[in-house]
Amino acid sequence: MIKKILLMVLMLAPITVFAQKFAHYDSQEIAKVYPAYLTAQTELEALGKQYENDLQEMQKELQTKFEKYQNEVNESTPANMRQRREQELNDLQQRIQQAYQDNQKSFQEEQAKKMQPIIQKLQDAVNAVLKEGGYVYAIDKSTAASVVINESISIDITAQIKTKLGIQ
């Protein structure tokens, strides 16, 4: 009796696997047309350019001071004056490095602040579509580089997600 039940379970197991619904979507395709994402990207690009310009200005200042140092300092320049100029150059170089690190940290924080709500909305839309459609799971094609998706048995839910997000 137990063997018969076990045999039936083993025979039905593959059928239940095939009865499950699988889905896939493309978050990059969604991002290309999602207004909130596009706005955030534009703002982040502007911030990145601002930080880049600030650092370039500091680099120009360092270059100018270094050239001035090379032109003014020679063997007859007193040691204390030479040391003071070298210290100014070192201080400026350290300020540039600190500004770079601060800008990088600030940019990452701003990126997280702007993108987190967008990512959460996308995830909520995916979850809603999965629940409504009775899907077992969904794979994001744009981030699943090593996963091969058999699109003939998996349903593309990108359009449904866009609709949930109010896009199209």
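Predicted model: local features only at pLDDT ≥ 70, side-chain atom pairs only at ≥ 80, totals over all residues.
Let me begin with strand E1, where four of the five residues are buried, so that E1 is largely enclosed by the rest of the structure. By buried I mean under 20% relative accessible area, with exposed meaning over 50% and partly exposed in between, computed with a 1.4 Å probe on protein chains only. Helices (H or I, at least four residues) and strands (E, at least two) are DSSP runs, numbered from the N terminus.

Residues are numbered from 1 along each chain as its sequence is written, and side-chain values use heavy atoms, with hydrogens and water left out.

Now for the overall plan. Of the 168 residues in the protein chain, 25% are buried. A contact here means heavy atoms within 4.5 Å, and among the contacts in the protein chain with a separation of 6 or more, 82% come from residues 24 or more positions apart.

Let us turn to the sheet. The three strands form an open sheet in the order E2-E1-E3, with parallel pairing. Strand E2 (135–140) and strand E3 (154–156) are at the edges, each with a single partner strand, so one side of each has no neighbour in the sheet. From one strand to the next, the twist averages 30°; for such angles, axes are lines fitted to C-alpha atoms, for helices over the stretch in contact, and the angles run from 0 to 180 degrees between N-to-C directions.

How many bridges join E1 to E2? Strand E1, residues 21–25, is joined to E2 by five bridges, and the two run parallel; two strands are taken to pair if DSSP finds at least two bridges between them. On this side of the sheet, Ala23 has Ala138 as its bridge partner in E2, and Tyr25 has Asp140 as its bridge partner in E2. Towards E3, three bridges join E1 to a strand that again runs parallel, and there Phe22 stands opposite Ser154.

There is also a side-chain detail to point out, in which the charged end of Lys21 sits over the ring of Tyr135, 4.8 Å from its centre. The rule for this is that NZ of Lys or CZ of Arg lies within 6 Å of the ring centre and within 35 degrees of the ring normal.

Next, please look at His24, which has its place in strand E1. Is His24 buried or exposed? His24 is buried, with a relative accessible area of 1%, and, not counting residues up to four places away in sequence, His24 touches a list of residues that includes Ile139, Ile149, Ser154, Asp156 and Thr158.

Helix H4, residues 79–133, lies across E1 and E2 and runs at about 145° to E2, whereas helix H5, residues 158–165, lies across E1, E2 and E3 and runs at about 70° to E1.

Within H4 we find Val129, which is buried, with a relative accessible area of 3%. Leaving aside neighbours within four places in sequence, Val129 is in contact with Tyr135, Ile157, Gln160, Ile161 and Lys164.

In H5, the buried residues are Thr158, Ile161, Lys162 and Leu165. They cover an arc of only 100° around the axis, which puts them on the same side of H5, where the arc is that of the directions from the helix axis to the C-beta atoms. These buried residues of H5 pack against E1, helix H2 (27–33), H4 and E3.

Just after H5, Gly166 takes a positive phi of about 80°, and the segment after H5 also holds Ile167. Ile167 is buried, with a relative accessible area of 9%. Which residues does Ile167 touch, not counting residues up to four places away in sequence? They are Ile30, Val33, Tyr34, Pro35 and Lys162. For Ile167 and Tyr34, the separation is 133 residues in sequence and 6.4 Å in space, C-alpha to C-alpha.
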